[in-house]
Amino acid sequence: MTFLELCQTVRQEVGVSGTGPTTVLNQEGQLKVITDFVADADFQIQILWDDWDFLWAQYSSTLSTGVAAPATAKPTDLGTWDMRSFYLDCTTNDSAFLTPLSYTDWRSDYRQGVATDSLPTYVVVQPDKNVFVDAPPDKAYTITADYWKTPTRMAANATVSPIPEQFHRVIVARAKTMWAEREEAPDILVGASAEYADVLDKLESNSLPDQRTRRLSSSDTEITITTA
């Protein structure tokens with residue numbers, strides 16, 4: 001569902017009279033409250049976990065000889081780096097894993113003195129989330145990594161949440177609980193809270209690492225394939 005469709009669904013289900021909204025922009029009164037709650041609900045769910053699968057993305061850049069920082073700065077939508085994923089030349093047989101090193105440890109142990117160009121061993125994340133390698137590269141390399149994007153708020157009619165569509169009811173349910181708390185509507189609150197807990201559990205099972213077996217009837221998910 002789009003942002004607008006989510007708002008229309010919430011308005012209908014909480015029993016606000018009339019129709020609409022026809023737009024999420026420049027609303028007033030109860031319709032503004034609903035559009036605000038839907039946007040807030042979606043954003044709150046996105047920030048529950050840094051490593052939602054639906055926020056996953058990949059980064060790639062080049063390293064030049066003697067230059068520790070990649071040619072491309074951090075992604076503009078960067079939320080959190082996956083520190084287990086930094087590699088040099090990952091598509092070659094000479095690929096090398098970069099060991100994460102905290103900025104404070106690097107500053108204490110490696111910053112001082114003259115560095116010698118060689119095969120980089122460490123990747124360091126600066127306080128501003130840009131990365132560099134140590135030692136400085138002895139030749140050109142490609143550096144790759146995975147990361148999770150920063151959550152964003154829905155703002156336009158056609159905006160679609162990154163939350164998988166089959167779980168958009170979690171946004172509706174959370175917005176309804178916010179509405180019910182504001183309006184002191186216990187019947188709506190009880191039903192919406194139960195739905196929110198149920199759909200959130202399903203979303204977490206689907207979209208968090210190593211959680212998929214939570215919703216499987218059997219934990220035996222291994223398949224052995226044999227050939228003649």
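V14 lies in helix α1, where helices are DSSP runs of H or I of at least four residues and strands are DSSP runs of E of at least two, both numbered from the N terminus. The model is a predicted one, in which local features need pLDDT of at least 70 and side-chain atom pairs count only at pLDDT 80 or more, whereas totals for chains, interfaces and linings use all residues. Residues are numbered from 1 along each chain as its sequence is written, and side-chain values use heavy atoms, with hydrogens and water left out.

With a relative accessibility of 10%, V14 counts as buried, a term that denotes under 20% relative accessible area, with exposed meaning over 50% and partly exposed in between (1.4 Å probe, protein chains only). When neighbours within four places in sequence are set aside, V14 is in contact with I34, K176, W179 and I188, contact meaning heavy atoms within 4.5 Å. V14 and T177 are separated by 163 residues in sequence, yet their C-alpha atoms are 9.7 Å apart in space.

Helix α4, formed by residues 169-183, comprises 15 residues and spans 21 Å from its first C-alpha to its last, close to the 21 Å expected at 1.5 Å a residue; the expected span is 1.5 Å times one less than the number of residues. Because eleven of its 15 residues are buried, α4 is largely enclosed by the rest of the structure. The buried residues include V170, R174, K176 and W179, and the buried residues of α4 pack against α1 (3-14), α2 (29-46) and α5 (186-207). Just after α4, E184 adopts a positive phi of about 55 degrees.

The packing of α4 against α5 occurs at an angle of about 150 degrees, with the axes 8 Å apart; axes are lines fitted to C-alpha atoms, for helices over the stretch in contact, and angles run from 0 to 180 degrees between N-to-C directions. The two helices are therefore roughly antiparallel, a description applied to angles over 145 degrees, while those under 35 count as roughly parallel, 65 to 115 as roughly perpendicular and the rest as oblique. Among the residues that meet across this pair are V170, A173 and T177 in α4 and I188, A192 and Y196 in α5.

Elsewhere, three strands form an open sheet of mixed pairing in the order β5-β6-β7, two strands being paired if DSSP finds at least two bridges between them. The edge strands, β5 (99-101) and β7 (131-134), each pair on one side only. Strand β6 (residues 122-125) pairs with β7 in the antiparallel sense over four bridges, and V124 stands opposite F132 in β7.
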